[in-house]
Each structure stands twice: as structure tokens, then as C-alpha cells.
Amino acid sequence: MTKKINEKDLVMIALFAALIAVLGLVPKLTLASGIPITAQTLGIMLCGTVLGAKRGFLAAALFCLLVLIGLPLLAGGRGGPGVLMTPWAGFFVGFPVAAFVAGLVMEKMRGPVAVAASVAAVAGGIVALYGVALPWYMVTKPAGPLEAALVAGVPFVPGDLIKAVLAGLVTQALARARPGALLSRS
Amino acid sequence: MLALTSPVKTPYHGLRAGLKLGLLALATIVLFALGSLWGQVAGLAVVMALYALPGARFARAGVAALRPVALFAVLIAAFHVVTWTPVEGAVVVLRLVSAVALANLVTMVTPLSEMLGFLHWALAPLRALGVKTRGLELAIPLAIRFIPVLGEKGRALGESWRARSRHRRAGWRIAAPLAGLAMDDADRVAEALRARGGMAGGTGK
Amino acid sequence: MGEADAIELDGAGYAVESREILAPLTLCLVERRIGIVGRNGSGKSTLARLMAGLIAPTCGSVQVNGEDIYADRAAALREVGILFQNPDHQIIFPTCGEEVAFGLAQMGVSDPKGAARAALAEHGKAHWEGRPVGELSGGQRHLLCLIAVLAMAPKRLLLDEPFAGLDIPTVRALHREIARLKQQVVLITHDPAALAGFDRVIWLEAGGIRADGPAAQVLAEFTTAMEGEDAGTDLAG
């Protein structure tokens, strides 16, 4: 954890930042409730569950930086400082925190990969991410907690729960295809 | 992919990236301080004038870039209609549109190279404190390079899925093999990086 | 149209945003061994994707054994199997067994896992079933992709520049596997040597047909043209 970042880490971080971007381009599926979900948060969760807390945080932060300097990589083709201007921006700003928490849980938790990774993805991609996003909404809109929960919380929970389960399955598939690939558990 | 670049050369291109970002920050603070409906209407008028100045083509591109914001605006509007607070709703929606439009404007007229230049400049204090920023400055072009490469691999994996499936879209199912391919690449790229100086930045280690 | 057991293109072309990748082609492919040659960017891969029903032609129609293979994916799985150049871009599942079982499950085979095991065993690779795909060598990955496609028993096989980057003995071994196939084979390549003994060769250039005929004749023309062509390499520009 305290080791210095070497070339391999750097490349891995850049690759996963790119992976988040590419997963944002995957055609989105629409839930029964009519709310579209993209695979972008899936990418954030994977940063944590695969790379671990530190590298996952850096990969997500690098992705955020790429978006902020103007690359239209955020799901829906958004980019530039404009992404900070909506009350929902906490969902973007919270990405590195989400990846970090997911990574931390993955590193600490024992048990089957799919289960641990799903729990980690819930902790990072839902608990931690909403922990940033909802207060952000309340301060910037501004709004009360009830409005924040109704407009910025509840509608996205079903999609994010599905993605957390998928993150678990994807992490497990990766670990089975390439034993030793999970840096979060080495 | 939606490109956030201007289709025409504008007078704004000549301004320095740092100046544009500074003005944007200032304008955003003003927009958030304006609580009245008329203040927000005036704000939007100023933003529209800024878009109109370089011509119709530029303005059209600006409107197209705003499309993703529509969903957010509708959500907020719907909430305020339901709770019957239309004035507050209008203030928030107008502020949202103006602030995003203004930020998009800066993005559209500032080439990536200048943004990177600004970033390098902004990191100078860190370097002065002895923090090495070389890793970050290597990671950005690397990630930008990897995006089309991984995108192409994702496309090929989706195609391989379709070739053996009754369904056309692979969706999230390619996430695991794509992440695997990314990790396979990491070793080779890291070696290539090290062979050409790597983190040491050519100063030798 | 709709001739039995043929790949038929009727004025089928492909364009992206008005840029023509493949000019409208009319072809009827019935021979058992067909080669398609051409340089990089000549439209070979686009043609393969059209014939496998992975993309829809932007004009004209493509039918295989009378079926619209783009619209009817279930029919496409029966009619055409396709093997791409890079196995890394085809392997989707964590273990060899799952990789082979996927296509079988899609075809509605009742016991895809058992069928996958049998398919691996048929190629002497029963021990691969639980093997992580990440541990296979380059040549082994190619073989796995081939087994996965053959397990689905398509009536014809399209090979889009397969086996690039492998050593000579491995390529020979894989070509022997293909030579044994009873199915119709369409092999796309830029290597004329791989097409010796084929029934028909089509030479694509700049998205159109430059020559189409018996292998010996077309390959001779192609080789002469390639060796004479110093100016217009892929590297120019």
C-alpha cells in the first residue's frame, strides 16, 4: 500500500481510466422503471475491486481529470468543467472516493470473490458514492434531504444495485480467466 | 462520440486557457449568488450573446452540446411543478443551463493541448514543494491513447459475441474480457515506458 | 435469389456516412474452398462481416442458404461460423469449457457443458475444460476459438485472416485442421500461399472485385501485382 507507484502501476491506472471511459460508451440498458443505466459506474466499481483502494482511487481520479479537461467521456458524451455545474455532480466528483472504498472493502474482506466484490461494490458504488452525491445535491441545488433522496437518490438505487452484482460477477470472471489478476487481493 | 469542440475558429480561441477558466469560475460564483429570477434571466441572456457572437454555426454546436443537460433540467422542473414552487424551479433550471453552457463554451474554444499546458502550470506549486508530477503527466496521454485502443477491442469482443449469439448486443458481458485484455497490455506498455525513461523522466535512476 | 447452400450477395455494399467501404457486389459462392485476397483496407473484413450477418449491408442484400442472416440470428448460427484474426478479441469467458459452451447454449443445445466437453475431447483437449483462458499460449488461443466455432457445427466457416503472428509449424497444424473440414470454407488472407489448391479465389481491391476465378490464375495475377507494387504501400501518406 505504501509502496511507490512504479511504471506498471502507472500503466494499470491509465488503462483502467480508459476502461471507465469505454464502459461509458457501452450502449446503455434501460430498466423496467424506464431509468437508463450505463456501465460507467460499473467501471468505477471494478477499479476498486480489481486494482485495490490506492490504484483504484488514482484510476478513477485520472478519469475525472480527463473529463474535466474537456474530453467528452462521461456517459452521455459530457465533458469539461460543465459536468460540475449540475446538482448531480456529486455522482461524478465522488467517483474516486467510491473506487477507494470499494478497493478497501475488497482488500479487507475474505470469502468468495464474487460475494466480496459485490459487497465492496455496494460499499463503494452506493454507500460511499451516495454519501458524496446527496450532500452535494443538497448544498448546490440547494435542497432538503427529502428532495435530494427523491430526485438524486432513490431513482438510481435499483440500477446501481444491479451494477454492484454485475461488478461482483465481472470481478470473479476476471479472477477465473487470469488467476493472480486481482491486485486488490495480492 | 460527442465532440466538445468548436466547428469554427472564434475570437475566444485567442485567450489563454487559464484566463478563460478563471473567468468561468468567477461567472459561476456570480450565477450561484444570483437568487432572483430576473437575475438568472439576465445571466442566460449574457450567455446566449456569448454564443451568438461567433455566428450561427457555433451557436448550433453549443445547443447540441447542451442536449445531455435536458434530462437534468426536466427532472428539476418536474419536482418543482409537483411541489408547486415554480419560481424557485425556474431559478435553478436557468442557473443550471447557463452554468453548463458557459463551461461548455470554455471547453469548446480551448484545445486539449492548452488545457494540458494549463494543468502543467497549475501543478507548478506542487513541483516547487518537491512533489513529482511526472507520473500524472505521463498518465494523461497514456489514458487518452488507450481509450480508442480499448474501444476497438470492446468492439471486436462485441462482434465475437454476436457471431455466436442469437442476441445482437453484448453490453456488460464484455466488461470482464475487456478488463483482462487491458491487464494483459499493462506489462508490455510498462516495459516500453521503462525502456524510454519511464517515471524517471530521462534523468536516470 | 435464395439458392440452396450458397452465400449470395445481390448488389450488397457497405458505406459509413456516405464513405463507401465496399462497392455493391453481386456474388454467388457455392464452391467448397474459396479464398479472398486483397491488401490492407481493400474491404476483405467488411465482406466477411456481411457474409456472417454481423453487419447489415447499406444497399442490396446478403443471403446464406436463402436466409437473411443479419435479421435471423438463429439461422445465422446454423449457417455460418466466423473466426477472426485475433483470438484475444474473441475469447469472452473465463475458462475454456465456458467459452466453448456459450455458442452451444445460444443454439439451444440441451447440455451445453457436456457438448463443450465433448468438443474439446474431440480435439484431444479434454483437460482444457476448467483451464483459465488467460493461461493459454497464442497458438492455443487460436485453437480454442476454432474449437468453439466448430462445436456449433455451422454449415460453412469464414476465416478472416486467422493465425496471424503464429510460428510456421503452428500455422501448418491449424491449416491441417481446416483442410480436414467437410464444410464450405471461405478463407480471407493476404498470403497467397495459404490458398493453394482452392477452388476459387476472389481478389478485392479498394472495395471492389479486381479478379475472380480459379485459384492458380487469380493468385498468379495477385502475386505479380503485389511484387511489382513498390509505390503504393500501406505506409504511404
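Which side chains meet in a salt bridge of 2.7 Å, N to O, between chain B and chain C? They are those of E159(B) and R49(C). The model that shows this pair is a predicted one.

**Chain B and chain C**

On the chain B side, 17 residues take part in the contact, and on the chain C side 23 residues do. The two chains bury about 1900 Å² between them, with 56% of it on carbon and sulfur atoms. Two helices of chain B, α8 (134-163) and α9 (175-195), each supply at least two residues of the side that touches chain C. The largest share, eight residues, comes from α8(B). By type, the chain B side divides into six nonpolar, three polar and eight charged residues.

**Chain A and chain B**

Here 53 residues of chain A are in contact with 60 residues of chain B. E7(A), I69(A) and M85(A) supply 14% of the area that chain A buries against chain B, more than any other three residues. The rule finds one salt bridge across this interface: the side chains of R178(A) and D184(B) meet at 2.9 Å, N to O. Several helices of chain A each supply at least two residues of the side that touches chain B, among them α1 (7-25), α6 (113-140) and α8 (157-177). The largest share, 15 residues, comes from α1(A). That side of chain A divides into 37 nonpolar, nine polar and seven charged residues.

| Interface | Area buried | Share from carbon and sulfur atoms |
|---|---|---|
| chain A and chain B | about 5000 Å² | 82% |
| chain B and chain C | about 1900 Å² | 56% |

**The sheet in chain C**

Six strands of chain C form an open sheet with mixed pairing, in the order β5-β6-β7-β3-β8-β9. Its edge strands are β5 (80-83) and β9 (208-213), each of which pairs on one side only. Neighbouring strands are turned by 15° against each other on average, direction ignored. Four bridges join β5(C) to β6 (residues 156-160) of chain C, and these strands run parallel. V80(C) stands opposite R156(C) in β6(C). Helix α5 (residues 138-151) of chain C lies across β5 and β6, running at about 175° to β5(C).

How values were computed. Residues numbered from 1 in each chain as written. Chains lettered and ligands numbered in written order. Predicted model: local features only at pLDDT ≥ 70, side-chain atom pairs only at ≥ 80, totals over all residues. Heavy atoms only, no water. Contact = heavy atoms within 4.5 Å. Buried area = accessible area lost by both parts, 1.4 Å probe. Salt bridge = Lys/Arg side-chain N within 4 Å of Asp/Glu carboxyl O. Nonpolar A, V, L, I, M, F, W, Y, C, P; charged D, E, K, R; others polar. Pairing = 2+ DSSP bridges. Axes fitted to C-alpha atoms, helices over the stretch in contact; angles between N-to-C directions.
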